[in-house]
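Me: I'd like to learn how to read pockets and helix packing in a model. Can you walk me through one?

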Amino acid sequence: MSDESTDIKLVMAIIRPDKLAAVKTALAEVGAPSLTVTNVSGRGSQPAKKGQWRGEEYTVDLHQKVKIECVVADIPAADVVDAIADAAHTGEKGDGKIFVLPVENAVQVRTGKVGGPAV
């Protein structure tokens, strides 16, 4: 495995589940159709919700979210961030967060390609 790494970035976003379809469309439009999606729960600035079940009160402070991971080399990470931010935005607390991390290297298992070509 040689180190042919280029400027590879991991764009990770935590968004509302109902915004996933719009984000997938936006990513395809900027040329970044490959992604990994995971259902997650967490909390941030979105307020906790109180509920009642069988006469017992409970607090829901972990909200259901979707984590999207998109590794890019040929497409600027800023374009991916903008696409996600625009598609996921509602203006309400709980819209989510986007993180951009450097990727040291990548290897495509099927072909053995390394670095940017593997992405």
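This is a predicted model: local features need pLDDT of at least 70, side-chain atom pairs count only at pLDDT 80 or more; totals for chains, interfaces and linings use all residues.

Me: What volume does the second largest pocket have, then?

Reply: About 240 Å³. For the largest pocket, the figure is about 290 Å³.

Me: Which residues lie nearest the centre of the largest pocket?

Reply: Ser34, Cys70, Val71, Val72 and Val119, out of 17 lining residues. Strand E5 (residues 63–72) gives the most to that lining, with 4 residues. By class, you get 11 nonpolar, 4 polar and 2 charged residues there.

Me: And how does the lining of the second largest pocket divide by class?

Reply: That one has 2 nonpolar, 6 polar and 4 charged residues. Among its lining residues are Arg43, Lys65, Asp95 and Lys97. Strand E6 (residues 96–102) supplies the largest share, 3 residues.

Me: Now the helices. What describes two packed helices?

Reply: The angle between their axes and the distance between the axes. Here, helix H1 (residues 20–29) packs against helix H2 (residues 77–88) at about 150°, with the axes 8 Å apart. The cut-off for roughly antiparallel is over 145 degrees, so H1 and H2 count as roughly antiparallel to each other.

Me: Is the crossing of H1 and H2 left-handed or right-handed, and which residues make the contact?

Reply: Right-handed. H1 brings Ala22, Val23, Ala26 and Leu27, while H2 brings Val80, Ala83, Ile84, Ala87 and Ala88. By class, that contact has 9 nonpolar residues, no polar and no charged.

Methods. Residues are numbered from 1 along each chain as its sequence is written. Side-chain values use heavy atoms; hydrogens and water are left out. On a 1 Å grid over the protein atoms alone, a cavity is a set of points where a 1.4 Å probe fits but cannot get out, and a pocket is an open set with protein on both sides within 12 Å along at least five of seven lines; lining residues have an atom within 4 Å of a point. Grid points are joined across faces, edges and corners, and a volume is the space filled by probe spheres set on the points. Helices (H or I, at least four residues) and strands (E, at least two) are DSSP runs, numbered from the N terminus. Ala, Val, Leu, Ile, Met, Phe, Trp, Tyr, Cys and Pro count as nonpolar, Asp, Glu, Lys and Arg as charged, and the others, Gly among them, as polar. Axes are lines fitted to C-alpha atoms, for helices over the stretch in contact, and angles run from 0 to 180 degrees between N-to-C directions. Angles under 35 degrees count as roughly parallel, over 145 as roughly antiparallel, 65 to 115 as roughly perpendicular and the rest as oblique. A crossing is left-handed if the near helix is turned anticlockwise from the far one by less than a right angle, and right-handed if clockwise. Contact means heavy atoms within 4.5 Å.
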